[in-house]
Amino acid sequence: MSSNLPIAHGDITAPTPQNTPLNQAPIAQGLSRPTVPDISEDNEPEDDGDEVSGLPANAQAAAMLGMVHGRLADLVGKSSGYIESLPVEVKKNIEALKGVQVKQNELQNQYKRECLELEKKYLELHKPLYERRSAIVSGSSAATVEEIEAGIKASIKDDPEYTPLAKDPPTGPAPIPEFWLTALRNHVGLSELITERDAGALKHLTDIRLSYLSSDDPKPGFRITFLFSPNAYFENEVLEKTYLYQEEVGYSGDFVYDRAIGTEIKWKEDKDLTKEFEIKKQRNKNTNRTRLVRKAKPTDSFFNFFSPPTPPSEDEDIEEEELEELEEKLEMDYQIGEDLKEKIIPRAIDYFTGKALEYDMLEDDEFDGLDDDEDDDDDEFDDDDSDSDNEPPARRRGPPKGRGGGANTANPEECKNQ
């Protein structure tokens with residue numbers, strides 16, 4: 001999948017030179033601010049050792065390291081007093097640098113806006129090609145000899161052992177069955193969302209299109225449009241998913257996702273693929289008679305994509321576990337939208353044939369390699385600890401768990417041509 005993009009999580013407090021973490025991650029919006037004082041020998045609780053004293057040496061080291069990480073994480077964003085101790089003239093220079101940074105941020109915002117306009121320009125240039133692709137897929141127009149020959153040359157370039165087709169002129173239109181269903185199923189992330197029940201409806205998917213929101217709209221963003229032929233599942237011929245960015249670029253210098261809006265699907269009777277129905281018996285306590293009751297419960301479906309999760313508000317009180325689950329859903333939802341925009345729509349034929357899978361797998365291998373490197377580092381850390389079980393673990397500053405931890409680690413992307 002394409003690289004993770006930042007998701008809106010509110011303002012964060014920047015660390016000072018005295019408490020900068022090794023791995024920066026913002027404090028979760030809505031969670032309480034740090035209240036733990038600076039860790040020192042004088043204010044560490046005396047009973048920390050009792051909590052882990054009964055564990056094996058390696059487990060003790062891991063437990064102590066976890067406690068230290070947790071406490072240092074709580075200090076991220078808490079003033080160390082360093083800046084406050086500087087002379088007034090130095091403080092004024094610091095404020096001046098903040099003013100310079102404001103101008104830099106304005107330029108970056110202008111740059112990203114212009115990149116977005118460039119993407120819109122090239123999308124317009126691509127539209128005739130997308131329309132031509134749609135005509136060939138649907139069978140409303142026959143492929144030309146030139147188009148076929150260009151495709152054969154591309155196939156030979158990809159695979160020298162490819163056997164070219166006969167050069168007989170096309171006899172007429174020949175629609176490609178289940179083109180978009182096959183393309184979606186060949187995407188790693190989407191294949192996990194599409195159920196066998198969904199396939200029946202997605203066979204009627206005739207096209208997927210991209211458009212950008214107008215420059216006059218309050219917020220920038222893009223829209224994915226799904227076109228369907230008449231089917232037995234829902235009344236809609238068009239289903240849309242709109243992704244909105246925040247008006248200003250984020251701290252990483254790129255647009256930050258704000259929220260997504262999906263079309264309400266008008267399901268036909270008993271055809272809602274996002275629900276499962278079960279029949280239960282109910283007994284009347286007074287008459288002892290029974291009746292059958294039909295109940296619906298939510299179920300996994302690709303069409304849940306059009307009912308996106310809602311980011312929690314700042315004032316909303318939510319459990320940490322529930323917050324993490326919601327964050328994962330939001331990140332997945334935004335990532336699917338980005339992959340549709342950047343991968344599937346521009347290279348639909350590569351996903352239909354499976355060619356794109358080779359490149360997607362290469363990306364996964366790169367991330368797997370990074371995981372292996374981290375595992376190697378962990379092994380080295382364990383070896384060092386084993387030399388001296390009684391030696392306390394080194395103090396390290398670690399990132400706190402928060403809403404933006406994963407999303408905001410993405411590198412800013414350069415403007416892309418569609």
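1. Start with K281, whose bridge partner in β6 is L292. This is a predicted model, in which local features need pLDDT of at least 70 and side-chain atom pairs count only at pLDDT 80 or more, while totals for chains, interfaces and linings use all residues. Residues are numbered from 1 along each chain as its sequence is written, and side-chain values use heavy atoms, with hydrogens and water left out.

2. Now for the strands around that pair. Strand β5 (residues 275-283) pairs with strand β6 (residues 290-298) in the antiparallel sense, over nine bridges. Two strands count as paired if DSSP finds at least two bridges between them. β5 and β6 form a hairpin with six residues between them, and N288 in the turn has a positive phi of about 65°.

3. Four strands form an open sheet, ordered β1-β2-β3-β4, with antiparallel pairing. Its edge strands are β1 (205-212) and β4 (257-262), each of which pairs on one side only. On average, neighbouring strands of this sheet are turned by 15° against each other, direction ignored.

4. Which residue is the bridge partner of R223 in β3? You will find T242 there.

5. Helix α8 (residues 320-344) lies across β1, β2, β3 and β4, and runs at about 75° to β2. Axes here are lines fitted to C-alpha atoms, for helices over the stretch in contact, and angles run from 0 to 180 degrees between N-to-C directions.

6. Taking the whole protein, there are 10 helices and six strands; these are DSSP runs numbered from the N terminus (helices H or I, at least four residues; strands E, at least two). Of the contacts (heavy atoms within 4.5 Å) with a separation of 6 or more, 66% are between residues 24 or more positions apart. Buried residues make up 32% of the 418 residues, where buried means under 20% relative accessible area, exposed over 50% and partly exposed in between (1.4 Å probe, protein chains only).

7. How many salt bridges does the structure hold? There are 20, each being a side-chain nitrogen of Lys or Arg within 4 Å of a carboxyl oxygen of Asp or Glu. One of them joins K341 and E342, at 2.5 Å from N to O. K341 counts as buried because its relative accessible area is 3%, and E342 is buried too, at 18%. Salt bridges that share partners join E119, E338, K341 and E342 into one network.

8. Finally, have a look at helix α3 (residues 88-138), which holds both E95 and K98, three residues apart, about one turn of the helix. E95 and K98 form a salt bridge, with their closest N and O atoms 3.2 Å apart. E95 counts as partly exposed because its relative accessibility is 47%, and K98 is likewise partly exposed at 47%. K127 and E124 also lie in helix α3, three residues apart, and form a salt bridge with the closest N and O atoms 3.1 Å apart. Here K127 is partly exposed at 31%, and E124 is partly exposed at 47%.
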